[in-house]
Amino acid sequence: MAIAELGAVVLDCPDPGALAGFYAGVLGGTVEGEGDWVDLRTPGGPSLAFQAAPGFVPPKWPAPDASQQFHLDLTVPDLDAAEKEVLALGAKPLDAEDRSRTFRVYADPAGHPFCLCAC
């Protein structure tokens, strides 16, 4: 028996509204709130929340001496098409050169790593 259910995944960032807008462009959904805490209600999935973090330092990828903490795996039907769209929204490629793999790694505008997966 479960003790709890997932309410939201929360990402620290310097600008919660801007990062929520980026992920709304990637995942769809509705952005709610402003200021230090913003929620993204995704259609049919869990919510993402964005919290202002003074002195935010983005994770490093890859860095054996520094933890990335976590990353999001986002399933897509077409890696090339999805890559084009996330780059237009402001993502930066971290590990996307190997076109034979079923995933590619990017950073969101605040530096959090995420993968586009055709898995």
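**The pocket, the core and the strands**

Me: Which residues lie nearest the centre of the largest pocket?
Reply: This is a predicted model, in which local features need pLDDT of at least 70 and side-chain atom pairs count only at pLDDT 80 or more, while totals for chains, interfaces and linings use all residues. Residues are numbered from 1 along each chain as its sequence is written, and side-chain values use heavy atoms, without hydrogens and water. A pocket is an open set of points on a 1 Å grid over the protein atoms alone, where a 1.4 Å probe fits, with protein on both sides within 12 Å along at least five of seven lines; lining residues have an atom within 4 Å of a point. The largest pocket has 13 lining residues, and nearest its centre are Val26, Val76, Ala82, Val86 and Leu116.

Me: Which element gives the largest share of the lining of the largest pocket?
Reply: Helices (H or I, at least four residues) and strands (E, at least two) are DSSP runs, numbered from the N terminus. Two or more lining residues come from each of α1, β5 and α2. The largest share, four residues, belongs to α2.

Me: Is Glu83 buried or exposed?
Reply: Glu83 is part of helix α2. Buried means under 20% relative accessible area and exposed over 50%, with partly exposed in between (1.4 Å probe, protein chains only). Because its relative accessibility is 10%, Glu83 counts as buried.

Me: Which residue in the turn between β2 and β3 has a positive phi?
Reply: Two strands pair if DSSP finds at least two bridges between them. Strand β2 (residues 30–34) pairs with β3 in the antiparallel sense over five bridges. These strands form a hairpin with two residues between them, and the turn residue with a positive phi, about 80 degrees, is Gly35.

Me: What is the bridge partner of Leu40 in β4?
Reply: β3 and β4 run antiparallel and are joined by four bridges. Their hairpin has five residues between the strands. The partner of Leu40 is Leu48.
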